[in-house]
Amino acid sequence: MRNLYILSLIILFTFTSCEEVIDLDLDESEPRLVIDASMLWYVGTPGNNQQIKLSETIGFYEEGIEPVTDAEVIIETGSGEEFIFTHQENGIYQNSDFIPEFDENYTLEISYNDELYTATSSFVPVAGIDYIEQNDEGGFTREDLEVEVFFTDPAGEDNFYLFSFSNITTSKFSLEIYKDEFTDGNQVSSSYSNEDLAAENEIHITMEGISEPFYNYLFILRSQGGNNGGGPFQSQPATVKGNIVNQTNPENYPFGYFRLSEVDSTTYIVL
């Protein structure tokens with residue numbers, strides 16, 4: 001009986017221990033500025049309406065975002081023309097008179113908390129979507145539905161692309177990056193497939209032309225956020241810095257990227 005009593009205590013302790021909530025005492029750093037400055041120029045549109053999102057990092061146990069509402073945001077061209085972005089709501093700054101042009105340098109300037117953040121970039125053209133095909137031999141098992149987007153890569157130049165596949169029906173989202181290192185000048189494709197893809201799903205597809213530095217930035221982010229699963233002994237990922245620099249205090253660097261992309265888009269209904 002005594003052995004049974006001890007065994008019962010051990011079992012009780014085990015289950016109690018499993019349910020105990022442990023709050024780790026994590027070091028907290030000062031909030032950093034987070035900048036989402038993607039200027040997207042959709043094919044066939046003037047590209048006048050653009051927006052930039054600003055927020056601050058928050059603590060590990062906090063939820064939501066901390067929008068920045070009192071910054072000054074300007075994009076200036078190489079010829080000195082300025083586009084002022086005004087705050088609307090929830091850290092979103094907008095400009096409805098933006099003028100996108102290829103072969104023009106654009107400089108982003110953000111003044112916040114008496115510090116100046118800047119970055120310079122230019123628009124990257126996109127090859128454009130040729131057509132879309134569907135097959136029933138996609139995915140890892142070669143038994144899933146697959147949507148394949150074909151495009152013709154321009155010959156004799158280095159090109160980099162970002163594809164997004166947004167399944168409006170299931171609210172699933174996927175990103176793919178591509179470079180033409182081995183397919184220069186050919187007609188190639190990017191595909192989307194998962195086990196939940198089904199007939200009548202509505203897929204919104206975008207294809208963006210991106211720069212090589214932004215491709216490398218996304219490649220590192222994808223590598224760090226892959227399917228490794230983590231674990232208590234896995235080395236922590238390094239901080240991935242974008243192209244935006246704090247000119248006033250370089251040590252207080254922001255997160256995010258300033259980039260300008262031409263975009264082709266379409267919607268496909270799975271058959």
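Contact, throughout this presentation, means heavy atoms within 4.5 Å. With that convention, serine 190 is in contact with Val147, Glu148, Val149, Phe151, Phe163, Phe165 and Glu176, leaving aside its neighbours within four places in sequence.

Good morning. What is on display is a predicted model, in which local features need pLDDT of at least 70 and side-chain atom pairs count only at pLDDT 80 or more, while totals for chains, interfaces and linings use all residues. Residues are numbered from 1 along each chain as its sequence is written, and side-chain values use heavy atoms, with hydrogens and water left out.

Let me stay with serine 190. This residue lies in strand S13; strands here are DSSP runs of E with at least two residues, helices are runs of H or I with at least four, and both are numbered from the N terminus. Is serine 190 buried or exposed? Serine 190 is buried, at a relative accessible area of 7%. Buried means under 20% relative accessible area, exposed over 50%, and partly exposed in between, with a 1.4 Å probe and protein chains only.

Strand S13 belongs to an open sheet of three strands, in the order S9-S10-S13, with antiparallel pairing. Two strands pair if DSSP finds at least two bridges between them. Strand S9 (129-138) and strand S13 (187-192) are at the edges with a single partner strand each, so one side of each has no neighbour in the sheet. On average, neighbouring strands of this sheet are turned by 30° against each other, direction ignored; the axes are lines fitted to C-alpha atoms, for helices over the stretch in contact, and angles run from 0 to 180 degrees between N-to-C directions. Seven bridges link S9 to strand S10 (residues 144-152) in the antiparallel sense, and asparagine 135 stands opposite glutamate 146 in S10.

I turn now to the interior. A nonpolar core is a set of buried Ala, Val, Leu, Ile, Met, Phe, Trp, Tyr and Cys residues joined through side-chain atoms within 4.5 Å. How many residues does the largest nonpolar core have? The count is 25 residues, and those with the most contacts inside this core are Ile35, Ile52, Leu54, Leu108, Ile110 and Phe258. The strands that each supply at least two of its residues include S1 (33-42), S4 (72-77), S7 (105-112) and S16 (255-269). S1 gives the largest share, five residues. Phenylalanine 258 is in contact with residues including Ala37, Met39, Leu108 and Ile244, its neighbours within four places in sequence being left aside. A second, separate core has 18 residues, among them Ile129, Phe163, Tyr192 and Val270.

S4 runs antiparallel to S7, joined by six bridges, and pairs with S5 in the antiparallel sense over four bridges. Isoleucine 74 has glutamate 109 as its bridge partner in S7 and isoleucine 84 as its bridge partner in S5. The hairpin of S4 and S5 has four residues between the strands, and glycine 80 in the turn has a positive phi of about 100°.

Aspartate 70 counts as exposed, at 53% relative accessibility. Not counting residues up to four places away in sequence, aspartate 70 touches Tyr93 and Tyr112.

Finally, helix H2 and its surroundings. Helix H2 (residues 212-224) has 13 residues and reaches 19 Å from its first C-alpha to its last, close to the 18 Å expected at 1.5 Å a residue; the expected span is 1.5 Å times one less than the number of residues. Which residues of H2 are buried? They are Phe214, Tyr215, Tyr217 and Leu218. Down the axis of H2, the buried residues fall within an arc of 160°, so they line one face of the helix; the arc is that of the directions from the helix axis to the C-beta atoms. Their cover includes strand S11 (160-167), strand S12 (172-179), strand S14 (202-210) and S16.

Of the eight residues of S11, seven are buried. S11 pairs with S12 in the antiparallel sense over eight bridges, and eight bridges also join S11 to S14, again antiparallel. Leucine 162 has isoleucine 177 as its bridge partner in S12, while serine 164 stands opposite threonine 206 in S14.
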